[in-house]
Amino acid sequence: MNNAYFDFAEPKNEPVLSYAPGSAERKALMAALAELKSQKRDIPMYIDGEEVRGDKKAEIRPPHETGHLLGYYYPSSDEHVHNAIDAALNARESWAATSWEHRASIFMKAAELLATKYRYRMNAATMLGQSKNAFQAEIDSACELIDFLRFNVHFLSQIYKQQPLSPQGMDNRMEYRPLEGFVLAVTPFNFTAIGGNLPTAPAMCGNVVVWKPANTQIYSASVFMEILIEAGLPNGVINLIYPSGPVVGEICYAHPYFAGVHFTGSTGVFQSMWKSIGNNISRYKSYPRIVGETGGKDFVFVHPTASVDAVVAGLARGAFEYQGQKCSAASRAYLPANLADEIKKKLVAELATMKMGIVDDFTNFINAVIDEKAFNSIEAYIKNVADSNGAAKILCGGKCDKSKGYFIEPTVIETTDPSYVTMCEEIFGPVLTIYNYETDNWIQELEVLDNTSPYALTGAIFARDRNAIEFMTKALVNSAGNFYINDKPTGAVVGQQPFGGARASGTNDKAGSVLNLYRWLSPRTIKETYVSPENYRYPFHQAD
Ligand code: NAD
């Protein structure tokens, strides 16, 4: 019997544990790291609730310790992609018919399992597989993922309550149906939480999903899948597979029941997806929803009245935490001449204190970049500085070493050219470029900043002068989807700073907010008239 309206109250953000020396959580996390390192995990695909293993095996190694083998996964073939789509479509009817309170409870239970029983295993998997330190793993794979699950359940129960007006004589109502087909979730390497959110947000709305994570995030993605299964997710609702990007795309975009893609990753990949979907548009049963959060070239603009220490802390954390591999990471800074020398001196001194190394040593602040491809690409940007004809120089860092893991020192480039390549292109590594401007020119420099890159994801301004803060906030209205005043441009929290950018940075559907969930719903409006008219005539066309 279902005769009540079920509501899920607004949750509180999951508290962030400190992992300070002597704390219980530090001990538990170290034990989880040791346990995972002692195993060679054999990671299957999950299709229709079954563990599936293909013919080929691929190795998983920590980016910071490439001599160590963590385990294996099984790259998916075309057949696995087709099977995953079929499994999703077979599960569709019964999942869409499952009552809201039971659907919601599965995700609330997953959040609870993650907050308790599996917190350390999940964080340890993220640390080892993606080379994050304990704190970066805690805010990602524990807190943010728990928040995504709990807040989305709450937001969806708010949506379901929204109903149209019903004047006397009729009843108008709105049903929030899932989409007619399957959703493809394609997720990036850098956040376990995004990996978990992209398939679960549509699934929560009653959709069925094919989930393809980045190969470099499979290690932690599989732990989350185990949690979803333990939480009671029915077979086929989310199918986790490991094909190459182009293969999954080619098969999914050609399918008549392709209903949408939930993507986070680079701008180039998203644009190629959109083109393929456009080319196939006449094949589909319905217009697919295309949701993508993509790259950034995030700025810090320092006004002549800024606090030097606040800027230095904002740059040190904003540009270098998780080795700059956050879409929101500060990667270009504009410094006024009156403060530039002091900021640079203090920043260089701070960066010299950041220890770099493996994740199991908690005194390391910096770990490795994700893989050899990323290492080579970041190294090339650093090496090219030598060929810049004096337009740029390395202020600190710059050393790259891949002998034991993919280590790149926190690097600051200083340029005299505001359109130097590292001021414009996304590098996705621990590289910050600084441009110094004439103190009196701060208003003109805002225009330079706004026109320098195609992206508009995050950005921060630092100032004490309130009039300047208001002026900059207005002048930079289109340059960032997440705009920070006197704070670093990273670290958005679910429910507090809904996240996403515009221009080339994505469709700005704000993951982890109510706006994102609307994209996975196809409302049906129902009007019932209690006493129906019995002839077609109106008064206006009657003769006088
Ligand atoms: P990526 O674009 O290389 O990969 C993302 C996903 O797309 C992976 O699963 C990958 O296998 C898949 N893929 C690659 N080629 C594909 C193709 N042709 N068709 C379909 N799928 C394909 O990105 P990444 O290196 O994993 O992540 C880093 C990028 O993600 C950066 O550009 C970063 O700015 C962006 N990012 C954005 C946000 C945001 O919220 N805006 C958040 C995190 C990361």
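How many residues does helix α5 have, and what does it reach from its first C-alpha to its last?

A: Two notes on the model come before the answer. This is a predicted model, in which local features need pLDDT of at least 70, side-chain atom pairs count only at pLDDT 80 or more, and totals for chains, interfaces and linings use all residues. Residues are numbered from 1 along each chain as its sequence is written, and side-chain values use heavy atoms, with hydrogens and water left out.

Helix α5 covers residues 134-161 and has 28 residues. From its first C-alpha to its last it reaches 39 Å, close to the 40 Å expected at 1.5 Å a residue. The expected span is 1.5 Å times one less than the number of residues. Helices here are DSSP runs of H or I with at least four residues, strands are runs of E with at least two, and both are numbered from the N terminus.

α5 bends by about 30 degrees at Cys143. That bend is the angle between axes fitted to the seven residues ending there and the seven starting there.

The N-terminal end of α5 is capped by Asn133. A side-chain oxygen of Asn133 lies 3.2 Å from the backbone nitrogen of Phe135. This is a polar contact, meaning a pair of N or O atoms within 3.5 Å; within protein, one must be able to donate a hydrogen and the other to accept it, and residues adjacent in sequence count only if both atoms are side-chain atoms.

α5 is mostly covered, with 24 of its 28 residues buried. Buried means under 20% relative accessible area, exposed means over 50%, and partly exposed is in between, with a 1.4 Å probe and protein chains only.

Next, the ligand. There are 26 residues around it, and Thr187, Ser266, Thr294, Cys327 and Glu426 come nearest. A residue counts as near if one of its heavy atoms lies within 4 Å. The shell divides into 14 nonpolar, nine polar and three charged residues. Here Ala, Val, Leu, Ile, Met, Phe, Trp, Tyr, Cys and Pro count as nonpolar, Asp, Glu, Lys and Arg as charged, and the others, Gly among them, as polar.

Several polar atoms of the protein lie by the ligand. A polar side-chain atom of Lys212 is 3.0 Å from a ligand oxygen. A polar backbone atom of Gly245 is 3.2 Å from a ligand nitrogen. A polar backbone atom of Gly265 is 3.3 Å from a ligand oxygen. On its own the ligand has 840 Å² of accessible area, and the protein covers 84% of that. Such areas come from the Shrake-Rupley method with a 1.4 Å probe; for residues, only the protein chains shown count as cover. The elements that give two or more residues to the shell are α8 (245-253), β10 (258-264) and α9 (267-279).

Helix α9 also holds Ser272. Ser272 is partly exposed, at 39% relative accessible area.

Phe107 sits in helix α3 (residues 100-115). Phe107 is buried, with a relative accessible area of 0%. Arg92 belongs to helix α2 (residues 78-97). Arg92 is partly exposed, at 23% relative accessibility.

Now the loops. Ser479 lies between α15 (466-475) and β21 (482-485). Ser479 is buried, at 4% relative accessible area. Its side chain reaches the backbone oxygen of Leu476 at 2.8 Å.

Most residues other than glycine have a negative phi. Asp48 is not a glycine, yet has a positive phi of about 55 degrees. Asp48 is in the loop between β2 (45-47) and β3 (50-52), and is partly exposed at 36% relative accessibility. Lys510 is not a glycine either, and has a positive phi of about 50 degrees. Lys510 is in the loop between β22 (502-503) and α16 (514-518), and is buried, with a relative accessible area of 11%.
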